[in-house]
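Q: Could we go through this structure together? I would like to ask about it piece by piece.

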Amino acid sequence: DMSNAIVAQDEMGRPFIIVRDQGKKQRKHGLEATKSHILAARSVASIVKSSLGPRGLDKILISQDGDITITNDGATILSQMDLDNEIAKLLVELSKSQDDEIGDGTTGVVVLASAMLDQALELIDKGIHPIKIANGFDEACKIACAQLDQVAEEIDISKESTDENLLKSAKTALGSKIVSKAHEHFAQMAVDAVLSVADFERKDVDFELIKMESKVGGALENSSLIKGVLLDKDFSHPQMDKEVRDCKIAILTCPFEPPKPKTKHKLDISSVAEFEVLQKYEQEKFQEMIDCVKNAGANIVACQWGFDDEANHLLLSNNLNAIRWIGGAELELLAIATNGRIVPRFEDLTPEKLGHAGTIKELEFGTTRDRMLVIEDCSNTKAVTCFIRGSNEMIVAEGIRALHDSICVVRNLIRDNRVVYGGGAAELTCSLAVSEAADKQVGIDQYAFRAFANALDTIPMTLAENSGLDPIESLSALKAKHSLEKASNLGVDCLGLGSNDMKELFVIDPLIGKKQQLLLATQLTRMILKINDVIISGKDEF
Ligand code: ADP
């Protein structure tokens with residue numbers, strides 16, 4: 001109904017449309033709506049805020065059916081919260097986007113976005129229009145990103161050089177996680193995993209080639225990287241060799257059992273002689289199958305189906321190690337990794353169709369009857385498997401998340417080896433750059449810029465607070481030092497190591513990750529500021 005709409009002009013002469021309120025509606029809109037959105041976002045952010053940084057606290061999440069998760073990963077915390085507020089859900093999406101693109105910095109991005117929203121709220125209270133704030137934040141974000149580009153430094157990560165730098169970065173990423181006790185070990189695993197599949201020419205890492213497997217039991221330190229694939233299976237007979245070298249694998253989808261004798265009717269055996277005929281028939285058929293396998297040159301039989309004791313025994317006495325009941329997906333993985341073909345009939349077996357692997361060995365786990373097969377030195381792929389152990393399911397799950405994060409950091413550095421310094425150092429230098437730019441602004445943007453700089457300050461302040469330091473004291477000391485030394489590597493000494501030099505402590509963040517945080521947080525803030533009405537479909541509006 002356009003009769004309710006009037007066109008007005010703002011003080012810059014730009015036109016905008018005001019749609020007059022219909023008066024009866026109960027729902028919130030306009031500034032009231034924007035404000036309530038910000039408050040909703042703030043309440044979500046306050047939950048993850050205390051888990052930021054190496055001294056951040058873990059959270060226990062209990063799902064409706066009682067499953068327990070212990071984590072300090074922002075994306076995980078948010079994804080498991082049962083939120084019914086639409087704006088709060090946007091924050092969840094925000095940390096998910098950071099997770100998908102970068103894989104690390106998921107807590108930071110939410111803390112930053114909520115700080116920006118808080119700052120925006122103050123400006124709204126001063127009477128500045130949300131769109132103006134959003135535009136000012138956009139400009140400020142550009143300045144911050146330019147500053148990041150300027151202070152970023154390259155670290156040497158070429159394959160030839162030592163992977164020291166990668167290792168240190170992976171360690172930093174793990175510093176705040178449950179696994180910090182085993183972080184040397186996990187960092188090494190992350191680096192080894194990435195390096196064994198990385199393509200340095202294309203500067204990329206194919207995550208498909210890094211598999212995660214886990215088994216509850218043992219300690220985190222018992223986790224290991226397997227240069228190959230892992231099957232959650234064992235050899236079919238306990239007397240088979242526990243380790244086979246130079247494996248040639250027949251990968252079969254046909255059952256290891258003799259075809260039923262071709263009679264249309266029920267098979268009636270009424271005499272011993274008839275039984276013996278049948279038995280002989282079965283034995284011959286079994287022998288034919290074994291011959292097919294042997295003639296093709298295989299020493300391992302991998303079957304999608306099961307087989308009975310007799311077949312099992314025959315395999316054993318023919319020196320063939322066998323694996324049975326391999327699931328379809330695992331069978332495919334095995335075929336791809338060993339460069340073998342999946343064969344549907346024994347007659348089709350030929351030497352060319354066999355898969356090849358250096359060794360297949362059975363892993364045993366303590367006193368449990370659990371066993372797994374490790375298939376190493378596979379002929380085709382560079383695929384590796386990170387095998388995570390831990391004393392309970394929660395630890396294992398957090399171990400996988402932590403390893404994933406540090407693998408992401410290493411991958412990001414291979415994609416782009418420019419880094420900025422952590423511990424809030426990068427945010428501080430951006431904050432100072434944006435503040436400096438604010439002084440030169442004549443318009444309303446000056447306020448937006450200052451507010452943006454304040455929002456950036458929240459990161460070092462939160463890190464300080466979470467480490468038991470006085471946030472304001474730490475911030476002002478750091479700022480003074482920053483401007484004095486014109487340095488960009490001064491951050492919060494979260495671990496109390498007696499130094500603010502993040503370069504020296506090697507607390508780094510990949511440039512692309514830090515930039516992504518700024519961009520995503522600014523984008524989200526802009527989006528929320530532009531929403532001034534929430535209409536929930538299906539609900540009565542009057
Ligand atoms: P996120 O999920 O955002 O990665 P983290 O809990 O991993 O959150 O915390 C990351 C923040 O902690 C980054 O700002 C990083 O620079 C900082 N940080 C990590 N290790 C240290 C350290 N040893 N000293 C100071 N700051 C650190």
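Q: Which residues of E4 are on the covered face, and which are on the uncovered one?
A: In this predicted model, Thr69 and Thr71 make up the covered face of E4, while Ile68 and Ile70 make up the uncovered one. Strands (E, at least two residues) and helices (H or I, at least four) are DSSP runs, numbered from the N terminus.

Q: How are the residues numbered, and what pLDDT do local features need?
A: Numbering starts from 1 along each chain as its sequence is written. As the model is predicted, local features need pLDDT of at least 70 and side-chain atom pairs count only at pLDDT 80 or more, whereas totals for chains, interfaces and linings use all residues.

Q: Back to E4: how many bridges join it to E3?
A: There are 4 bridges between E3 (residues 59–62) and E4 (residues 68–71), and the two strands run antiparallel. Strands count as paired if DSSP finds at least two bridges between them.

Q: Which residue stands opposite Ile68?
A: Ile62 does.

Q: And what lies between the two strands, E3 and E4?
A: E3 and E4 form a hairpin with 5 residues between them, and Gly66 in the turn has a positive phi of about 85°.

Q: Is Trp325 buried or exposed?
A: Trp325 is exposed, because 12 other C-beta atoms lie within 10 Å. Phe506 is partly exposed, because it has 18. The cut-offs are 20 or more other C-beta atoms within 10 Å of a residue's own for buried, 12 or fewer for exposed, and partly exposed in between, with C-beta atoms placed from the backbone.

Q: New topic: how many residues surround the ligand?
A: There are 25, and the closest are Thr107, Gly108, Gly422, Gly423 and Cys494. A residue is near a molecule if its C-beta atom, placed from the backbone, lies within 6 Å of it.

Q: Which helix gives the most to that shell around the ligand?
A: Helix H4 (residues 106–125) does, with 3 residues.
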